Amino acid sequence: MKQGIVHETGLIAHGRGEAYDYLLGETTIPLADAAEKIAAASLLCAKNPVISVNGNVAALAADECVSLAKSIPAKLEVNLFHRTPVRVRKIAALFRKKDVTTLYGIHPDARIPGLDSDRALCEKRGIYTADVVLIPLEDGDRCQALQKMGKTVIAVDLNPLSRTAQTATITIVDNVTRAVPRIEYWIHLFKKKNRSDLEELIRTWDNPRNLRNVLCFISKRLNSLS
Ligand code: PTJ
């Protein structure tokens, strides 16, 4: 935050996330891994997959996102809620240091319909035309707006009750630091599989059921600890 990468409200978001992570036991629960597996299948089957990075994601999991993007391959796009030219420049510099030559979202030329202010800004060749978007730590309005554009939206959100978690196509209730490497693990395994097998796997996904099971997992865990 002091380096200007994370917005000050990002610290509050981070604290909220930590609270939920304690409820999960600070581990990737099998229900999260199931979602990470489907996320990997969707990213591999996509025509234009994009990984959206904001300040928190850049601070917590930049290396992991770069590695995941290479493995798919997918585009990386800076997509800030509290967008200022200075923050965009700082986040772009951070990714440049990690040898990312093409980072989308620095010169936006499109808007996500239905959103006001600069949080609607995106790039035509990136998020605007993406068919599958991975959005770690996203706000609810943007998640819904991306859904309305007809995209497959993969959210990583430790809060299973957030609007983002409730409206995404695939919700991964896990810490971004664990979720991104785990998606990459599945990417490497799935590269040997047929596309039709992956598509069949994606068809079986029931996001509301998985979210209900996550809530059951948390309440059972709290019961067993009390
Ligand atoms: O960098 P910017 O300007 O784009 O701003 C980013 C924030 C995160 C401030 C902005 O997108 C925001 O306010 O997000 P929300 O609406 O607070 O949503 C963030 C969600 O991520 C919350 O539901 C948190 O529980 C969750 N979260 C926080 N830390 C983590 C997390 N999920 C996964 N891993 C985490 N480490």
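1. A polar contact here is a pair of N or O atoms within 3.5 Å. By that cut-off, the backbone of L137 makes one with the ligand: a polar backbone atom of L137 is 3.4 Å from a ligand oxygen atom. The model is a predicted one, and the distances in this note should be read as computed from it.

2. At F81, a backbone N or O atom lies 2.7 Å from an oxygen atom of the ligand. At L158, a polar backbone atom is 3.2 Å from a nitrogen atom of the ligand. As for cover, the ligand taken alone exposes 740 Å², and the protein buries 93% of that.

3. Where does the ligand sit? The site is the largest pocket. Around the ligand there are 26 residues, and those that come nearest are R16, G55, F81, R87 and D157.

4. On the make-up of the shell around the ligand, its residues divide into eight nonpolar, 12 polar and six charged. Helix 1, residues 8–24, and helix 3, residues 55–71, each supply at least two of the shell residues. Which element gives the most to the shell? That is helix 1, with six residues.

5. N54 deserves a separate point. This residue is found in the loop between strand 1 (49–53) and helix 3. Is N54 buried or exposed? N54 counts as buried because its relative accessibility is 12%, and the cut-off for buried is under 20%.

6. One is the backbone nitrogen of N56, which the side chain reaches at 3.2 Å. The other is the backbone oxygen of L137, which lies 3.0 Å from a polar atom of the N54 side chain.

7. A19 lies in helix 1, the element that gives the most to the shell around the ligand. A19 counts as partly exposed because its relative accessibility is 40%, which falls between the 20% and 50% limits. For a sense of distance along and across the chain, A19 and G114 are 95 residues apart in sequence, and their C-alpha atoms are separated by 31 Å.

Conventions:
Residues are numbered from 1 along each chain as its sequence is written. This is a predicted model: local features need pLDDT of at least 70, side-chain atom pairs count only at pLDDT 80 or more; totals for chains, interfaces and linings use all residues. Side-chain values use heavy atoms; hydrogens and water are left out. A residue is near a molecule or strand if one of its heavy atoms lies within 4 Å of it. A polar contact is a pair of N or O atoms within 3.5 Å; within protein, one must be able to donate a hydrogen and the other to accept it, and residues adjacent in sequence count only if both atoms are side-chain atoms. Accessible areas come from the Shrake-Rupley method with a 1.4 Å probe; for residues, only the protein chains shown count as cover. On a 1 Å grid over the protein atoms alone, a cavity is a set of points where a 1.4 Å probe fits but cannot get out, and a pocket is an open set with protein on both sides within 12 Å along at least five of seven lines; lining residues have an atom within 4 Å of a point. A molecule sits in a cavity or pocket if more than half of its atoms lie within 2 Å of its grid points. Helices (H or I, at least four residues) and strands (E, at least two) are DSSP runs, numbered from the N terminus. Ala, Val, Leu, Ile, Met, Phe, Trp, Tyr, Cys and Pro count as nonpolar, Asp, Glu, Lys and Arg as charged, and the others, Gly among them, as polar. Buried means under 20% relative accessible area, exposed over 50%, partly exposed in between (1.4 Å probe, protein chains only).
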